[in-house]
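Okay, thanks everyone, let's get going.

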Amino acid sequence: MNATRYSALIEAQQEVIEKIALGNDLSSCLDLICNRIEAIIDSPLVRSSIMILSGDKLSHAAAPSLPATYCSAVDNLPIGPDMGSCGTAAYTGQQVIVSDIDHDPLWKDFREVALEHGLHACWSTPIRASDNTIIGSFGIYYLEPKQPEAFHLELIKRFSCLSSLAIETDSSRQREAQLHNELQCTKDKLEAFIEVMPDVALILDLHGKCVDIYGTDTHLLIRPPQEMINHAIQDLLPADIARRFMSVVERAVNLDEVQFFEYSLPGQHEVCVFEARVVRLEGYLDERPALPHVLWLARDITARKKAEDQIEQLAFYDPLTALPNRRLLKDRLQTAIDRAERHQQCSALLFLDLDDFKRINDSLGHAVGDKLLCTVVSRLKALLREADTLARLGGDEFIVMPDLSHDSLIEVADEVSRLATKILGAFREAFELEGNLYRIGISIGISLIDDGKKTADEVIRQADTAMYQAKKLGGSCMAFFEPELQTAADERMQLERELGSGIAEGQFVAYFQPQFDCAGALIGAEALIRWQHPTRGLVLPDEFIPFAAQSDCINQLHALMLAQVCEVLVKIGNFDTLPSGFSIAVNICPRQFRDHKLESHLDSVLSAYGISPHLIKLEITENLLMDTLQDAAAQLSRLRELGFRVSLDDFGTGYSSLSYLQNIPVDELKIDKTFIHAMHSGTGGTAIVDAVIALANLLGFGVIAEGVESEDQLKLLHDKPISGLQGYQTCRPLPADAFLSSIANSQPTPEPA
């Protein structure tokens with residue numbers, strides 16, 4: 001291509017591109033392309049055309065120098081093989097060169113019309129879109145048979161690309177205009193609808209800025225519209241409500257789904273409750289159509305909510321006390337029954353009936369009686385947790401349904417027994433009303449829920465039956481519907497009462513079970529509590545510790561034990577035979593860790609007796625770790641820094657996760673007696689014991705084998721790398737005096753034969 005043609009080509013391309021960029025209509029852009037290529041070829045015999053593909057047919061979009069009759073004759077040309085140069089090129093996607101229409105088979109169906117108009121050659125190139133799809137064809141005709149030269153093909157290639165640019169730009173503008181019209185139409189409709197709806201509509205951007213406000217009830221807004229436009233919701237609302245607003249906005253934008261939201265706001269005249277529907281909007285702003293917004297359509301439902309609350313109050317609550325009535329109680333009770341059936345979670349119901357209330361009500365009148373009932377309710381509420389249910393059935397009958405979810409029926413019975421005892425105790429104090437004192441008793445019937453076989457009415461009826469049993473017993477007491485549980489509850493209540501008196505009267509004493517190394521030398525002891533009951537004799541801890549651990553009694557017992565241990569250590573300190581590394585183990589329960597008073601208590605008691613923490617070993621269980629791992633680890637770390645040692649009791653029977661051994665400060669593992677007893681079964685029976693010993697040695701822990709009760713067990717353990725032995729075979733637990741005597745005599749246990 002010579003310099004003149006090249007310059008003309010560049011000039012033509014720039015002119016066409018400028019025309020396209022300025023938004024000229026497609027027809028004028030394509031006509032310009034045809035005119036410019038014909039001018040560059042500079043021959044009176046050349047003609048050009050641009051056809052656009054619609055579906056599977058081609059029609060002329062520009063052919064300024066072709067006869068109009070010819071264009072009309074071939075418009076709507078189906079693409080396919082043998083469909084002339086343009087139809088074939090659009091079909092195959094390849095350039096088609098026909099230098100002699102008169103003899104080329106591609107023109108067999110169109111030869112006459114072409115020759116009739118003096119067209120003897122046609123070179124056609126498919127026009128491709130940016131995604132490489134065919135959108136038309138670019139054709140060069142000659143009025144005589146003609147083979148294209150190289151520069152002809154280069155021109156066709158470049159002007160085909162310009163044609164593609166013009167066609168795609170026009171399509172994009174048409175789509176943009178269509179979308180803009182549709183959006184404007186939608187916006188107009190939306191504005192028209194909102195203007196006549198009794199709602200308020202806010203248009204918010206992604207950052208919470210209020211762009212527009214529509215609707216007639218703008219008096220419901222927190223501020224007048226002019227004070228909200230162009231201000232962020234975060235600056236107009238309390239921080240917590242603003243965060244909830246923005247989370248709804250984000251969900252509406254991200255999920256592209258309608259979001260429903262109910263909220264309360266202080267309006268210009270009163271606090272209003274709104275029901276909102278929030279949806280994403282596209283192209284709301286003409287100047288920034290790609291920026292999404294949300295439509296926040298809020299309806300004032302304050303009156304409806306008030307009506308619903310009133311209906312619910314009448315339907316589900318007692319008008320005098322505002323407590324749940326029988327209907328609401330049965331709904332909640334059925335939930336508890338369903339939970340018991342599906343998840344085996346036990347619960348209970350307490351039926352309360354006031355003693356002698358009818359006499360007061362009849363003699364002083366219903367007005368006084370009603371006030372007295374409200375006073376009773378206030379006292380009952382003070383005894384219950386927020387999650388518990390207190391309901392009024394009518395008259396002086398009430399129901400308490402505590403929020404319980406225990407697996408064990410015994411645990412439920414224990415807890416409701418304690419709750420019933422608290423209620424009975426609270427009613428021993430007179431009620432004051434308008435300067436007068438009224439003494440009212442209360443009878444309590446208890447029904448337990450352990451499966452889904454009972455209906456709500458049956459559970460209430462059983463508790464009612466138990467309540468009448470309590471009245472037969474004289475009133476101001478409780479009774480279980482199940483006789484065997486009543487007996488057990490009575491025994492537990494008696495035991496709890498006796499625990500308190502036993503502590504006060506000094507009935508609890510420390511016994512000491514010595515611990516020996518494998519050579520028979522004394523290395524320490526474990527302090528074990530015993531109850532010297534005046535009528536039952538010596539009571540072992542398994543019978544009373546579980547009950548003491550549920551109350552503050554456990555702390556009192558621990559204080560007694562620790563004091564007696566310190567007294568023994570003071571006396572041992574006077575012996576010359578005190579073994580090196582000697583210590584006494586004291587058991588610690590989870591409650592003592594949860595109270596966060598263990599460290600200060602240990603320090604005060606040991607300081608009073610002048611005892612070093614090195615002489616005290618704290619025994620903990622795996623269950624403590626499972627309940628309060630992180631908290632227990634922190635407390636134990638501080639205690640070890642003070643000099644206390646830590647022993648992990650009953651290892652392998654509880655949580656049994658090796659992970660806590662890395663996180664808890666432990667000095668010693670105690671192999672549970674069940675594994676010691678299993679050693680009799682042979683090599684397999686010793687596997688767990690050997691594994692625990694190997695693990696402890698690897699981690700640098702000491703090992704105590706407890707529960708050694710036979711000569712065979714002693715022999716099997718003798719050669720194992722353990723720190724010590726404890727059990728009846730070596731020595732039974734001893735009272736303090738006997739333990740001190742054994743140390744004074746310094747008679748070690750002989751090695752096994």
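Let's start at Cys 34, which sits in helix α2. One thing to keep in mind as we go: this is a predicted model. So, is Cys 34 buried or exposed? Its relative accessibility is 0%, and with the cut-off for buried at under 20%, Cys 34 counts as buried.

What does Cys 34 touch, once we set aside residues up to four places away in sequence? The contacts are Ser 48, Ser 49, Ile 50, Ala 62 and Pro 64. For a sense of distance, take Val 74, which is 40 residues from Cys 34 along the chain: their C-alpha atoms are separated by 18 Å.

Now the helix itself. α2 covers residues 26-41, so that's 16 residues, because the helix is counted as one DSSP run. From first C-alpha to last, α2 reaches 23 Å, close to the 22 Å expected at 1.5 Å a residue.

After α2 comes Asp 42, and its phi is positive, near 55°.

Okay, on to the strands. There's an open sheet of five strands here, and the order reads β13-β14-β12-β17-β18, with mixed pairing. Which strands stand at the edges? Those are β13, residues 389-394, and β18, residues 478-480; each has a single partner strand, so one side of each has no neighbour in the sheet. Going from one strand to the next, the twist averages 20°.

At the β18 end, β17 runs parallel to β18, and three bridges join the two. If you want a pair to click on, Ile 444 has Met 478 in β18 as its bridge partner. Packed on this sheet is helix α13, residues 409-426, touching β12, β14, β17 and β18. The direction of α13 makes about 170° with that of β17.

Elsewhere, look at β9, β10 and β11. β9, residues 259-266, pairs with β10, residues 271-281, in the antiparallel sense over eight bridges. Within that pairing, Gln 259 is opposite Val 278 in β10. β10 also runs antiparallel to β11, residues 293-300, and eight bridges join those two as well. There you'll find Phe 274 opposite Asp 300 in β11. As a reminder, in a regular strand the side chains alternate between the two faces of the sheet.

Next, charges. How many salt bridges does the structure hold? The count is 23. Arg 392 is buried at a relative accessible area of 11%, and Asp 318 is buried at 11%.

Then there's Arg 385 with Asp 388, where the closest N and O atoms are 3.0 Å apart. Arg 385 is partly exposed at 43% relative accessibility, whereas Asp 388 is buried at 11%. There's also a network: Glu 526, Glu 619, Lys 670 and Glu 706 are joined by salt bridges that share partners.

One more pair, Lys 146 and Glu 149, has its closest N and O atoms 3.8 Å apart. Lys 146 is partly exposed at 21%, and Glu 149 is partly exposed at 39%.

Last stop, Leu 602, in helix α19, residues 598-609. Leu 602 is buried, at 1% relative accessibility. Beyond its neighbours within four places in sequence, Leu 602 is in contact with His 558, Leu 562, Leu 618, Leu 639 and Phe 644. Compare Gly 394: Leu 602 is 208 residues from it in sequence, and 53 Å away C-alpha to C-alpha.

Methods. Residues numbered from 1 in each chain as written. Predicted model: local features only at pLDDT ≥ 70, side-chain atom pairs only at ≥ 80, totals over all residues. Heavy atoms only, no water. Pairing = 2+ DSSP bridges. Helix = DSSP H or I, 4+ residues; strand = E, 2+ residues; numbered from the N terminus. Axes fitted to C-alpha atoms, helices over the stretch in contact; angles between N-to-C directions. Contact = heavy atoms within 4.5 Å. Salt bridge = Lys/Arg side-chain N within 4 Å of Asp/Glu carboxyl O. Buried < 20%, exposed > 50% of the residue type's maximum accessible area, 1.4 Å probe, protein only. Expected span 1.5 Å × (residues − 1).
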